[in-house]
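Colleague: I am new to reading protein models, and I would like to go through this one slowly with you. Could we take one feature after another, with the general idea before the case at hand?

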Amino acid sequence: MTYSHVSVLNKEALEYWVHDEEGIYVDATVGGGGHSFQLLSQFPHVHLIAIDQDPIAINAAKERLIAFSSRVTWVHANFRDMAEEIEPSLRTHIAGILFDLGVSSPQFDDPTRGFTYQVDSALDMRMDPANPVTAFRLINMRSKEEIARVLREWGEERWAQRIAEFIIKARTQEPIRTTGQLVELIKAAIPASARRTGAHPARRTFQALRIWVNDELAALSQGLEAAQGLIAPKGRVVVISFHSLEDRIAKHVFRQWEQEHKGHVLTKHPLTPSEPEISENPRSRSAKLRVFEQF
Ligand SMILES: C[S@@+](CC[C@H](N)C(=O)[O-])C[C@H]1O[C@@H](n2cnc3c(N)ncnc32)[C@H](O)[C@@H]1O
């Protein structure tokens, strides 16, 4: 399978990320290596620290960036641990850190990984295959209250309680093993009248589960704190988010740093993709870019 992911807000991200043409940069979510490819090809004197928690993404990015390999340091880790994972000699003088959040298109499209409700596969959803927590485990082992709360808070799903009830009832017969089984339960739980309009009925539940499996919101808060501790004066933290929960975290954390006089926010309003970018790459529709600059 080719690893093809179209980078979002490419030009804008690069403009903010790079301000020192000889600096050390961190791509906290290297994915298919799209943003990093632009960085390394346009700036021949920068060094890149490329992080991803998914070994398949790391391998794909290694291939994509092979021409620049002498200028790349690879880190297979969760970005929440970047302060410890980046070797001490590189830890000082970091000029900019980019977070392009969420899953990549190849992760989403791989039918074996369970991220999508569009194909029937095992309930997995792990970005890091070494993570012991799978969607199967959460769906089959956690309490009704916990499942309902997660669907409500992280999926903003108004039928959270009913979906959780249907899950608990079904799993007393036999374990819920596949995304297809889960989709059927969600469809049964949401009244037909509410299903007629809008997005796929499983979209919110799948978003919530993915956040839960990968502990995405706590990882983001911790990753941002680690990033702020690593960047040099004038260094920048750039965040591209894809849903309101992530965007809210970036917005609040940046505002708090500003209040603590650590630096200032360069984006009064978040940057969003242009209409042409959205029509070329519909996945970019919900993207928001925010930037913080350290004093
Ligand atoms: C949207 S893709 C990045 C695409 C990349 N910017 C490009 O242009 O090709 C997000 C990547 O971040 C990784 N990721 C998400 N959360 C992470 C975390 N907490 N730590 C490390 N990697 C993470 C995913 O595995 C995925 O490969």
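Colleague: How far apart do the C-alpha centres of domain 1 and domain 2 lie?

Modeller: Domain bounds come from an automatic or database domain assignment, and here they give domain 1 (10-106 + 216-294) and domain 2 (134-214). The C-alpha centres of domain 1 and domain 2 lie 31 Å apart. Please keep in mind that this is a predicted model, in which local features need pLDDT of at least 70 and side-chain atom pairs count only at pLDDT 80 or more, while totals for chains, interfaces and linings use all residues. Residues are numbered from 1 along each chain as its sequence is written, and side-chain values use heavy atoms, with hydrogens and water left out.

Colleague: How many residues of domain 1 are in contact with domain 2, and what area is buried between domain 1 and domain 2?

Modeller: The size of an interface is often given as the accessible area lost when the parts come together. In this model, 9 residues of domain 1 are in contact (heavy atoms within 4.5 Å) with 7 residues of domain 2. The buried area, which is the accessible area (1.4 Å probe) lost by two parts on being put together and summed over both, is about 750 Å² between the domains, and carbon and sulfur atoms give 48% of it. On the side of domain 1, Glu 216, His 243 and Leu 245 lose the most area to domain 2, together 61% of what that side buries.

Colleague: Which side chain meets that of Glu 216 in a salt bridge?

Modeller: A salt bridge is counted when a side-chain nitrogen of Lys or Arg lies within 4 Å of a carboxyl oxygen of Asp or Glu. The side chain of Glu 216 meets that of Arg 210 in this way, at 2.8 Å from N to O, and the count between domain 1 and domain 2 is 1 salt bridge, while the structure holds 10 salt bridges. Another one of them joins Lys 11 to Glu 15, with the closest N and O atoms 3.5 Å apart.

Colleague: Which residues are the closest to the ligand?

Modeller: A residue is taken as near a molecule if one of its heavy atoms lies within 4 Å of it. By that rule 26 residues surround the ligand, the closest being Ser 7, His 35, Asp 52, Phe 79 and Asp 100. A polar side-chain atom of His 35 lies 2.8 Å from a nitrogen atom of the ligand, and a polar side-chain atom of Asp 100 lies 2.7 Å from a ligand nitrogen atom.

Technical notes. A polar contact is a pair of N or O atoms within 3.5 Å; within protein, one must be able to donate a hydrogen and the other to accept it, and residues adjacent in sequence count only if both atoms are side-chain atoms.
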